[in-house]
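Biologist: Please show me the model, and then let me put some questions to you.

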Amino acid sequence: MSVPAGSVTTMRLATWNVNSIRIRADRVAAFLERADIDVLAMQETKCTDEAFPHLPFQLAGYDVLTHGLNQWNGVAVASRVGFADDVATVFPGMPAWGDPPAHEARALGVTCAGVRIWSLYVPNGRVVADPHYAYKLDWLAALRGAAADWLEEDPEARIALMGDWNIAPRDEDVWDMSLFDGATHVSPPEREAFRAFEDIGFTEVTRERVTQYTYWDYQQLRFPRNQGMRIDFVQASPALAASVTDATIERNERKGKGPSDHVPVVVDVQS
DNA sequence: ATGGTAGTCCGACTA
């Protein structure tokens with residue numbers, strides 16, 4: 001980014017659950033170019049670091065840092081403004097899962113042009129009675145604790161917690177609340193876990209700027225009927241939230257051949 | 001029409 005000193009420039013950040021990057025790399029790279037994105041946080045890449053398709057991103061002018069262990073989960077960040085060397089694949093206190101317990105590939109922290117980006121794939125939870133649900137709440141509580149510590153260390157830090165939160169924080173974030181009675185994504189404890197980021201100073205910066213679902217199930221003609229959910233969000237630290245100028249949800253990316261079931265969420269920030 | 005969608009690695013799991 002070569003600009004005259006003193007001029008105001010903006011940086012476009014985006015997050016997108018790509019639901020397998022190997023079958024969608026060309027489509028994702030084309031979106032980055034078309035939408036003029038500087039940094040993209042991806043979730044559900046569903047591939048190992050070795051298998052990640054870097055070429056389409058390189059051709060579009062992006063470098064990609066990846067964190068994938070197997071065919072499940074997987075996160076990555078593509079940047080055309082570079083990366084600092086402070087890369088993290090877990091946040092402090094992040095819960096492990098499984099037997100033997102291990103950290104899943106659900107978080108990737110990188111710094112791009114002074115913004116600390118966390119690409120996050122919050123555990124789904126499945127059903128309220130499932131151990132995955134408790135894991136989800138533990139994971140969110142640990143993330144909040146870590147984020148509070150980062151802000152305590154540096155109150156001016158520009159931090160973006162962006163990704164697939166697997167939570168619909170408000171009733172209007174699902175098309176029919178009666179169908180979600182007793183389900184995950186809308187339960188009070190999940191909603192409180194999401195809201196509680198406010199208490200440590202974070203602001204969800206897309207809500208006040210755009211109204212749109214971010215996810216439509218592949219089944220039951222959910223997209224043509226606009227029966228979706230809003231579950232992808234950007235929680236910004238105070239310094240970053242203050243520099244946000246716009247936000248969009250790229251609904252058109254759900255159309256056409258071979259879409260992800262999620263669409264990109266874009267945030268413009270002053271650099 | 002007793003299925004239904006789409007991804008992974010290849011009958012089952014995840015979302």
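This is a predicted model: local features need pLDDT of at least 70, side-chain atom pairs count only at pLDDT 80 or more; totals for chains, interfaces and linings use all residues.

Biologist: How many of the residues near DNA strand B are charged?

Modeller: A residue is near a strand if its C-beta atom, placed from the backbone, lies within 6 Å of it. Asp, Glu, Lys and Arg count as charged, Ala, Val, Leu, Ile, Met, Phe, Trp, Tyr, Cys and Pro as nonpolar, and the others, Gly among them, as polar. The surface near DNA strand B has two nonpolar and six polar residues, and the charged ones number three.

Biologist: Is Lys46 buried or exposed?

Modeller: Lys46 is one of the residues around DNA strand B, and its phi is positive, about 55°. A residue is buried with 20 or more other C-beta atoms (placed from the backbone) within 10 Å of its own, exposed with 12 or fewer, and partly exposed in between. Because Lys46 has 20 within 10 Å, Lys46 is buried.

Biologist: Which class does Arg126 count as?

Modeller: Arg126 is also among the residues around DNA strand B, and its phi is near 60°, a positive value. Since Arg126 has 15 C-beta neighbours inside 10 Å, its class is partly exposed.

Biologist: Which peptide bond is cis?

Modeller: Most peptide bonds are trans. One with omega near 0° is cis, and that is the bond from Asp99 to Pro100.

Technical notes. Residues are numbered from 1 along each chain as its sequence is written. Chains are lettered from A and ligands numbered from 1 in the order in which they are written.
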